[in-house]
Structure formats: structure tokens, C-alpha cells
Amino acid sequence: MVVLLVIAIASVSGTVIPQNESIAFYVAKFGVAGYRIFSTLDIFDVYSSWWFQGLLFLLVINIVVCSLDRLPVTWKAVFSKHLSRNPSMFRNLMKKETFDTGLILETLKDACRKFASGGDGLQETPEGFFVIGEKGRWTRFGVYAVHLSIILLVVGALIGSIFGFEGYANIAEGQSVSSVQLSSGASRKLEFNLRCDDFSLSFYPNGAPREYRSSLTILEQGKPALKKDIVVNSPLRYKGINIFQSSYGLISVELTIVSNKTGKGYKENVGMGDSLKLPENLGTFVLTGFQGAMDYRGKDIGSVFYGHLISAEGKAQTILLPVSYPEFDRERKGDVTISVSGTRYYTGLQVTRDPGVWVVYAGFIMLILGCFVTFFTSHQRIFIEAVKYKGKYRVTVAGLANKNKFGMQQEVKRIAERLAKLG
């Protein structure tokens, strides 16, 4: 219980305190002294810290020791041939059902065998007979399946934490990378090169991003090994490496700049927030923003870049540059016409490797099965005894179960009622 409590507190701290952020973020939030203390204790990466992994190891040891301590009793209950063959343990029960029947002996024996789940333990007595049937001995191992599932979950998590990694890579269109940046700041080399062939972006009518898609190619020794388009929740998987679409960003916008005096056109690239000096002393343009969708005078003009145009005389105005309408700025009738002729994005990818994931999956499956066996099944034993009584047979039905004793009483009552109807 102490170990579980400490793990719970540690997990809460790992949730409350942002994990794997930059040093500047933590210094701003906790100060230099606080950063040093938390960094020494690995609070900024709780789930991969040595002490958290040590707590998980202690939890596994606890579970193993507790399971082994109780295993002999459970083993005896499951495999002992004499445990359920003692009639006195049933005869002394307070809650049992009794009725008289006029069935002949052989018919009564057959019926009792049937209702006692086969009842291979039928034994004759001077007064009549008794039969003991049982089912579900193996269900006593359900709790051990739960214990084993927890061990598998912890072991799988430890394998992933120790031998796996989680990193990030920003790749511009047409570029490739051979390593990723880990949250710790270190770099992790991949066994292949990852290239972004294309990046596409679409928006909802309200301007919110609808989908961003990356066309990726895995390169082995310079040759394409796998190609796939990925979107959010549809990753690329290759040799145990998972590549998820995580984010995106604008690298630059290609502008076509036309001087309305000379008719000459120019191509220039500008980044978001950058200032661009226009040719022919036409002024300065600063790209200030982007909107995924815009309604202009009742017409949807799609995605729009916008910025400040400052003339050579110092006069500033805001201009709109719709991506789909390159002639839009001509309506302004200024000295220069600006349009968007291209955009260049980078794709933000999350790259992970978790060799323990299949162990974790096995643990989840076993946990579900173990919980089902533990909570919805039980080891049941039915005792039916018939003794001669005034020319008939007095039948007693009793039952024992290691769980759900109320359900066992209902089963005993049901069997007694069905037997009574036969006579």
C-alpha cells in the first residue's frame, strides 16, 4: 500500500508539472533554485526517472511475494482430491434446502448426478446416498492472472522506458533527416533517412485547420524503401519505429512583386514576421499573419496571407493576399502589386519506438480476462443427499462457493425446486 501510494503521488506530480519542457520554461516557472532541485530529482521527466522505475520494480516484487505467499493454499484448493469430498462440511451449513420425494432410487440418483454437474463423487450410505459435484476450480487462479497482468504492464512500460525513445523532427518539403531530437535535448540517430516529399494543408470554412498531410519516404542506403501519406492518427510504422503527424509550420512564402510603373516582375521569399525591402525602391513589406478562410464583401476568398506595405514615403497600409486569387491586389491600384505564388511548409513529426508495447498489450488482455474470471466466476460445489424417510426419500441440497455466496444460495434453491418437481 505504501508503494502504491508513493507511485500515485509521483504520477500526480508528473501530471501537474509539465514534462520535458525547455530549461528556460522551468527557470521562468520555478526559478533557478527550484529548477536545480527538480532537475536533480528528475521531476521534469518523472516516468523515465530512475527512482520512478525503482518504485515500479518494488511494486512487481510486492505482487510476486504476495502471490507466492498465498499460492500454496490456492494450489491445494484447486488440485486436492479430498477437499470437496467431505459431506460434513455441507451438512453443517445453516442455509440449505430440504424436501421429500417419491422418486425411485435409480431415477433419483440420475437426477442428482445431473444437477450436481456430473457428480462423479456419488457415494452410497446405509440410509441412501449423497453426491458432490463441483465446477470452476480453476477460477481460483483468476486473481493470479490479474497479478501477472500488472507485472506484464509494468515490465512492458519499463522495457519501453529503458530501450525505447520519443523524439521529434521538423522536415521541410523536399528535405530529409537521419536523426530526431529527444525531449531531453539529445539527438537520436535513425537506422534510415526520412524524407518529406510534400506537405498539404486544408481548412474548414471557419478557418480552422481541417487536415495536414505529409507525404513521407523511408530511404535505405539512398533508395526508397517505403512511401506513405500520413495524417493525424494515421502514422507510418517501419521496423518498430512509429512516425506520427504532430504539427506543421510555415517556412516562407514566395511573393510575386510587380512594379506597376515599369511592368517588371520579381520573385521574393519572406518568412512570417520578416521585413522585405521591395525592388525599385517601392517600399517595404512585412508579412504579419495568415487566415485559413476569409469572407470579403460577402465572397469566400479562401486562405489569405496579410501584411503591412510601407511606401518609400513612409505611408503604411494593410493588404490582403488571397492564395487562390493572385490578381486580388490589383484592385488597390498602387505602385506595386503583390501576390502569393507559392508557400513552403515544414512538417512536425513525432517519432517513437516502444519495444515493450506488445508486452503491455498482453498485460491488458490478461487483465481483462483475469478481472472477468475474478469477479464473474467462482469455484462452486453442490451437495445433494437423499436418505430414506417414511417410505420416501428426504433430499437435502446445499452449496459452497468461494465468491458470490448469495448467488450460490439462489442456485441451491433453483436445483431443489427442479428436483422436487420431478417427484
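Predicted model: local features only at pLDDT ≥ 70, side-chain atom pairs only at ≥ 80, totals over all residues.
In which crossing, left-handed or right-handed, does α3 pass α6? The crossing of α3 past α6 is left-handed. Helix α6 spans residues 142-163, and among the elements lining the largest pocket it supplies the largest share, with 7 residues.

**Helices α3 and α6**

- The axes of α3 and α6 approach within 10 Å and cross at roughly 160°. Angles over 145 degrees count as roughly antiparallel, and α3 is therefore roughly antiparallel to α6.
- On the α3 side, the residues in contact include Leu56, Leu59, Val60, Ile63 and Arg70. Their partners in α6 include Tyr144, His147, Ile150, Ile151 and Ser161.
- By class, the residues of the contact between α3 and α6 comprise 12 nonpolar, 5 polar and 1 charged.

**Helices α6 and α7**

- Helix α7 is formed by residues 357-376, and its axis comes within 7 Å of that of α6, with a crossing angle of roughly 160°. The two helices, α6 and α7, are therefore roughly antiparallel.
- The crossing in which α6 passes α7 is left-handed.
- Among the residues that meet α7 from α6 are Gly142, Val146, Leu152, Gly156 and Ile159.
- The contact of α6 with α7 has 16 nonpolar and 6 polar residues, and no charged ones.

**Helices α5 and α8**

- Helix α5 (residues 105-115) and helix α8 (residues 405-422) have axes that come within 11 Å and cross at roughly 160°. This angle makes α5 roughly antiparallel to α8.
- Helix α5 passes α8 in a right-handed crossing.
- Ala111, Cys112 and Phe115 of α5 make the contact with Ile415, Arg418, Leu419 and Leu422 of α8. These residues divide into 6 nonpolar, no polar and 1 charged.

**The largest pocket**

- The largest pocket holds about 960 Å³ of space.
- Its lining consists of 37 residues, and those nearest the centre are Gly160, Ser161, Phe165, Arg353 and Asp354.
- Two or more lining residues come from each of α1 (2-16), α3 (50-79), α6, β4 (165-172), β10 (241-259), β16 (336-353) and α7.
- Sorted by class, the lining contains 18 nonpolar, 13 polar and 6 charged residues.
- Ser161 is one of the α6 residues that meet α3, and Ser161 is also among the lining residues nearest the centre of the largest pocket.

How values were computed. Residues numbered from 1 in each chain as written. Heavy atoms only, no water. Axes fitted to C-alpha atoms, helices over the stretch in contact; angles between N-to-C directions. Helix = DSSP H or I, 4+ residues; strand = E, 2+ residues; numbered from the N terminus. Parallel < 35°, antiparallel > 145°, perpendicular 65-115°, else oblique. Left-handed = near helix turned anticlockwise from the far one by under 90°. Contact = heavy atoms within 4.5 Å. Nonpolar A, V, L, I, M, F, W, Y, C, P; charged D, E, K, R; others polar. 1 Å grid on protein atoms, 1.4 Å probe; cavity = no way out; pocket = protein on both sides within 12 Å on 5 of 7 lines; lining within 4 Å. Points joined across faces, edges and corners; volume = space filled by probe spheres on them.
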